[in-house]
Every structure is written in structure tokens, then in C-alpha cells.
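Morning, everyone. I have one slide today, so please look at the screen before I start.

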Amino acid sequence: KDSLTVTGNLTVEFLDVYDSVDIGGDLNLTGPLKMKTADAHLTVNGDMTVSNSRNKNALSQGTIDLKGNFSDTGNSYPFYSFYVSESGRMNFCGEGTQSISLADPSGFSFENVYFENPDIRILCDPFDFTLSQDLTLNQDLTITDDLNLNGHKLTVNLQGDNTIFYLNNCQITAGEIEVNGGFLKIGPNGA
């Protein structure tokens, strides 16, 4: 098995991962990411930023372990700028708070994402979000499209008495939602 270790930050236009790539710092990806085999493994010890990368099927196989924050700064509509299918896997496995920030949530899909770190902050409105495990979020949250709980439980611990968990124009499928603190608001087209 071949492996590549980068001791610092890496900025690349495209990245093909066949075996193992370990990035000691941040990964800034301005083009496509392709996991070329089922055993392909990318570890990012810092933050991962993708921008306008047209990554449809980027994680149709293989695994990404992310220990920092994830940011998608591009808008690739009608393409996904970052996509994890059910055959790929992305693990948020850092220490301390990890955040997910999306410039255009409609160009983003996480079908097989695991939160090994319980301290996750979603800094945008999730779009077409499918849970792969039970998830607890300690934040205010708005969901504006489909939420597939996939038989799992989403717990939202709101951060104040006047905070809101807002469901607008979305369909919730197969699971359980628990909201603690604040208010639950359901938008005009129901939930």
C-alpha cells in the first residue's frame, strides 16, 4: 500500500487518493477530490475547505477522517460541490468544537457522515440531510429541506430561552427528534 504524508498545509487544484494520504495541517481544495478505491483513506488533521470543486461522487468510496472544521465556500449548482454517498464515509473525529459551514447548502450532500466528536456546530441551514447515527447538536438550528433521520434520533439542545429550532418546508423521515430548551417552530408547509 502506498501512502503520502504532508507535514503542513496543502492547497491543490485536484486530489486523487488511491491508498492513504495524511495531511498534517489544512487542506484547501479548489478542484475535484476523487477517492479511487474502496480502501482509499484521507486524513486531514486541520481544516478542510472545498471551493467550486464539482465533486459529484467524490466519496462514492473510501473514507475521510477530518479533525478540523469543514467549509464549502463554492457554488457549483447544478453540481454538488461536495458529496458523500452511501458507499463513502466521512468522519468528524477532532477534539473540541468542529464546525460545518456551507456557502450554498443546496450544492452539498452528506449521506454517510459520522460524528465521532460530540461537539459539532452546523453554521448554515442543512439541505437534504441524512443521519448515519444518533446526533446531538448544542445550537440553534433551522432545517429548510428534507431531513432523513434514517431510523436515528436527532437531539437539539437550544442555547437559550428565546432560541428556536425551525422546520420550514421540510419532510422528516423515519426517526425521532428531541428539542430541549427554547421553542420549536414549524413553517408554513409543515414538517
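Predicted model: local features only at pLDDT ≥ 70, side-chain atom pairs only at ≥ 80, totals over all residues.

Residues are numbered from 1 along each chain as its sequence is written, and side-chain values use heavy atoms, with hydrogens and water left out.

The sheet is open and has six strands in the order E2-E5-E8-E10-E13-E16, with parallel pairing. Strands here are DSSP runs of E, at least two residues, numbered from the N terminus, and two of them pair if DSSP finds at least two bridges between them. At the edges are E2 (10-12) and E16, each pairing on one side only. From one strand to the next the twist averages 10 degrees, taken between lines fitted to C-alpha atoms, on a scale from 0 to 180 degrees between N-to-C directions.

Now to E13, residues 98-102. Four of its five residues are buried, meaning under 20% relative accessible area with a 1.4 Å probe, protein chains only.

Which strands does E13 join? Strand E10 (residues 70-72) is joined to E13 by three bridges, running parallel, and Asp72 stands opposite Leu102. Three bridges also join E13 to E16 (residues 120-122), again parallel. There, Gln98 stands opposite Ile120 and Ser99 opposite Arg121.

Conventions: Buried < 20%, exposed > 50% of the residue type's maximum accessible area, 1.4 Å probe, protein only.
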